[in-house]
Amino acid sequence: MTLGTTLPADGAASLPLATRIGQVNQRLKGWEAVRWVDGAPRVTDVLRREVDRWGGLGALYGVLRADPWSAVRWDNGIPPERSAEAYAAVQDHVTTYGDGIPVLFVEEAPHGLMALGGTTLPVNLALGAGMDADLTEELAAAVAAEARARGTHVALVSGLDVLRDPRWGRAEECFSEDPALAALLVAATVRGMQGTTSVGDPIDDRHVAVVAKHLAGQGAGIGGRNGSGAPVGPRELGEIHLRPAHAAARAGVAGFMAAYNDVDGVPCSANEELLTGTIRQQWGWDGVVMADGTAIDRLRDSSPDPAFAAALALRAGVDLSLWDEAFTHLEPAIERGLVEEAVLDRAADRVLALKRRLGLFGAPEAGSSEADAPGAPAGRDLVVLVDRAARQSVVLVDDGGVLPLRPGRTIAVVGPNADDLDAQLGDYTPPRPVPDQAASTVLSALTARFGADRVRHAEGSRLRGPLADPDALDAVRAASAGADVCVVVLGGTSRRTYDDEFADNGAVDGPARDTTNGEGVDLSSVALPQAQLDVVRAARSAGTPVVAVVLDGRPRALTELRPLVDALLVVPFPGPSGGAAVVAALCDGAASGRLPATFPAADGVMPVAHDERMETARGYVDTDVLRRLPLGTALLPGVTARLRDAVPSAAATTVAAAALADGGVATVTVEVTNAGPDTRSLSVPLYARRHEPGIRPRRRQLLAVRRVTVAAGATAAVPFALGLDELGSWATGAPLAAPVTLSVWCTPESDPPADALPVRVTDQNGATPWER
C-alpha cells in the first residue's frame with residue numbers, strides 16, 4: 001500500500017508533540033482494532049480512541065494474527081484472500097481522521113506468517129539441523145512475498161537467540177547453540193525477507209522489513225527460565241550472543257527487538273551501551289529498535305513510575321513500544337526533564353524512516369538492489385521447499401542395522417506423538433485448515449507407504465504421564481508383538497489450545513495439558529518422562545526391533561532411551577509435512593540433518609554446549625558428561641569426510657592479520673566420499689579450536705558449514721575460504737583480525753584429532769603468539 005503523504009523537510013521535530021509520541025507507540029493489538037463482521041472489516045472504538053488521542057499510529061501489531069491467545073479462528077478471523085481489505089480499513093481511518101501519516105502493519109513470522117492460511121515452516125531449530133543457508137533464504141523470500149501480498153509491512157522474526165540451556169521453552173525458536181550457524185541462517189533470513197543488503201536499501205513490494213529478535217543474551221537465562229537474567233561477561237556476550245545480531249545488521253536488517261532479560265543486571269530495553277553504543281555507534285547500524293511485548297512496562301521494577309520507565313527505554317535507544325502503557329507517559333517524562341525532547345524526535349524519525357524505506361510515502365527510491373531479483377516461489381513450489389526443509393531436519397543418530405525399513409513389512413507405530421499433527425508444528429502457529437490436505441503424521445505417512453493392513457497403532461501414553469486407560473501399555477505390547485519392527489514416536493509439543501490461559505504477552509500462563517515446549521513452558525528436567533520410556537519398554541518386551549523417533553523442540557537427555565532402542569532419529573519440530581519426512585528417512589535413507597545443539601547426558605550437566613570452554617576439573621563423579629550427543633552428530637551411512645592434506649600448499653592455510661582484515665582468506669578443502677548407492681545432499685561442517693595465549697579455549701567451535709550434493713560412488717572436493725568471520729576474534733561482538741593459531745578438522749570428535757590441520761593468522765613478522 002503506497003500513500004502520497006509527505007513529511008516536513010526537517011522531519012519529526014516540526015510535528016506536534018502528540019503526533020511524535022503516537023509514532024513511537026504500538027500499544028494496540030490489531031485483532032482488537034479491526035474485526036471481521038458480516039463479511040467485511042470494521043474498525044473498532046479501540047482504534048478510534050487511539051487515533052483521536054495521538055493523531056495517528058506509529059505501528060499496529062497483529063491485525064492478521066490468528067491463534068489461541070488472540071482467540072482468532074477460521075470462523076471469526078480475516079479470510080486470507082481479504083487481508084488487504086482489513087489493512088485498508090485501518091489505514092483509511094488513520095490517514096483520514098489522524099495526521100495523515102500511514103501506519104506500519106506488523107505481524108509475527110516465527111516460522112511462517114502467523115495468520116489464517118499462512119504457510120507453516122519447520123521451526124528454526126529444524127532449519128538449524130539442515131544447515132542450509134540457501135534453502136533458508138529461499139523460504140524467507142517466500143514467506144515475505146506471501147506476507148507482503150496480503151499487505152504486511154514488518155515481520156517479527158526469531159533468530160538472534162543462541163540456545164545455551166535446553167530447559168528454556170523457546171529453544172525451538174533458535175537456529176542453534178552455535179553462534180556461527182545462527183549468524184549464517186539469520187543473515188540468510190534477513191536477505192530473503194527484505195531483499196536488501198544494507199540498512200539504507202529500499203524494501204520493495206515483494207518483501208517485508210524484518211525486526212530480528214531478541215537482542216541480546218536471552219538464550220543464556222539463569223536456569224533456562226524465560227526472561228531471566230543473563231549473567232555473562234563481555235567476551236561471552238560478544239562471542240556467543242552478539243554475533244548473530246552483527247550478521248543481521250550487516251545484512252541490512254530493518255530493526256532489532258530488545259529482549260526481556262537483563263545482561264549483568266541491566267535490562268536490555270534500558271541498556272544504552274547495547275542499543276546505542278554497540279549496535280549504532282560501533283557497528284554503524286541505524287534502524288529501528290522495538291521493545292518486546294510489555295518490556296518497557298516491566299522496567300517498573302527498576303524505575304519509580306511509568307514516565308521514568310519510558311525515559312529509560314527511550315534514552316537507551318528504544319524507538320517503538322509494543323503493547324506498553326509506559327510510552328504514553330512520554331509527555332510528562334519530557335516535562336520533568338527525565339528525557340530530552342530531541343531524543344523523542346530521534347526515535348520518531350527512525351520510525352518515519354522505516355515507513356519511507358517501505359514506500360509508504362511514495363514509491364521506493366530508484367536503484368533498489370532488488371530491481372532485477374527473481375520472484376519468490378509460490379504455490380506448489382513453496383510446498384516443495386517446505387517439504388525439503390522438513391526432510392533436512394531429520395537426524396539419524398543410530399540405525400542399529402534395522403534401517404531402512406523394507407517393503408512388505410508389518411509396522412507397529414506407537415507413542416504419544418505418532419499421530420499428533422500439533423506435535424510437529426511448534427509454538428506460535430496459526431490454526432491449520434480443515435481438511436489439511438498437505439499434512440502428514442508418522443502414522444498417516446507409514447500407512448500411506450505400507451497400507452493400512454500392515455500398520456498397527458497404539459498411543460501408549462500421554463507426553464507427560466500415562467493414559468487413563470489401564471490397558472494402554474498392553475495395547476503397545478500387542479501391536480509390537482505382531483509386527484516386524486516397532487516405531488515409537490516420542491518427544492514434546494508446543495500445542496496451545498483455545499481453552500488455555502495466557503500471560504499479557506501471549507505466553508502460556510501455566511502449562512496446559514501435555515504442553516511441554518514454547519514460551520512460558522520452561523522445564524526443570526529435559527529427560528524423557530518415564531511414561532514415554534514405559535511405552536518404549538512395553539514395545540521392547542515383545543522382542544521386536546524398536547526404532548525411536550524423538551519429535552521435539554529442544555534437546556533432550558536421551559541417555560536412558562538409547563539402550564532401549566535399536567535405532568534412533570531426532571527431529572526438531574518439522575512442520576505439517578513432518579510425518580512424510582520422517583518416513584522418507586526410515587524407508588529411503590533420506591536423513592541428512594545434524595544435531596543443531598548438544599543433547600546432554602543427564603539433567604544435572606546443564607547448561608551444556610559443544611563449544612563450552614575447556615575445564616580443569618574432571619567433571620561429575622556420578623555422570624560422564626561426554627556421553628552427550630554434541631552438535632553436528634549424525635549418522636550418514638556410506639559417507640566419509642577428510643581434510644585434504646595441505647602440506648604441498650601450506651601457504652594456503654596461512655594468512656596475515658592485516659590481509660585478513662582487508663578480505664584475505666585461508667583455504668582448506670574437505671573431500672567427501674559417498675560410497676552409497678544414491679546421490680546424497682548433506683551438510684559439511686568444519687570445526688576448530690582457537691589457541692590464544694592467556695585465553696581458555698572453547699573445546700570446539702563450528703568454523704563454517706557448506707551443504708553439498710555428492711553423487712553415488714563419487715568424491716566431491718568442498719573448498720572453504722576462511723575469512724574474517726571464520727578466523728577473526730568475536731570477543732567484542734564484531735570480527736577483529738588478530739594473530740592466532742587454530743586446529744581445524746571436519747570429523748565428529750569433540751577434541752582435535754591427530755590429523756587436525758593448523759591454520760595460522762600471522763603478525764607482521766609472519767608468526768603467531770602461540771609459536772613464540
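Helices (H or I, at least four residues) and strands (E, at least two) are DSSP runs, numbered from the N terminus. With that in hand, strand β6 covers residues 209-215, and His214 is found in it. Before going on, please note that this is a predicted model, in which local features need pLDDT of at least 70, side-chain atom pairs count only at pLDDT 80 or more, and totals for chains, interfaces and linings use all residues. Residues are numbered from 1 along each chain as its sequence is written, and side-chain values use heavy atoms, with hydrogens and water left out.

Let us stay with His214 for a moment. The peptide bond that joins Lys213 to His214 is cis, with omega about 10°. Another cis peptide bond joins Leu403 and Pro404, and here omega is about 0°. Pro404 sits in the loop between β11 (395-398) and β12.

Now look at the neighbours of β12. Strands of a sheet pair through backbone hydrogen bonds, either parallel or antiparallel. In this model, two strands pair if DSSP finds at least two bridges between them. Strand β14 (residues 485-491) runs parallel to β12, and four bridges join them. Strand β13 (residues 455-458) is also parallel to β12, again with four bridges. Ala412 has a bridge partner in each: Cys486 in β14 and Arg456 in β13. Together, β12, helix α15 (residues 442-450) and β13 form a right-handed β-α-β unit. Right-handed means that, with the strands pointing away from the viewer, the path from the first strand over the helix to the second runs clockwise.

β18 pairs with β24 (residues 757-762) in the parallel sense over three bridges, and Ala656 stands opposite Thr762 in β24.

Asp264, in the loop between β8 (262-263) and β9 (266-267), has a positive phi near 55° although it is a residue other than glycine. Trp323, in the loop between α11 (306-316) and α12 (330-335), also has a positive phi, about 65°, and is not a glycine. Which of them is buried and which exposed? Asp264 counts as exposed because its relative accessibility is 64%, while Trp323 counts as buried because its value is 8%.

Finally, visit the largest pocket, which holds about 710 Å³ of space. Of its 31 lining residues, the closest to its centre are Pro607, Val608, Ala609, Glu612 and Glu615. On a 1 Å grid over the protein atoms alone, a pocket is an open set of points where a 1.4 Å probe fits, with protein on both sides within 12 Å along at least five of seven lines; lining residues have an atom within 4 Å of a point.

Technical notes
Points joined across faces, edges and corners; volume = space filled by probe spheres on them. Buried < 20%, exposed > 50% of the residue type's maximum accessible area, 1.4 Å probe, protein only.
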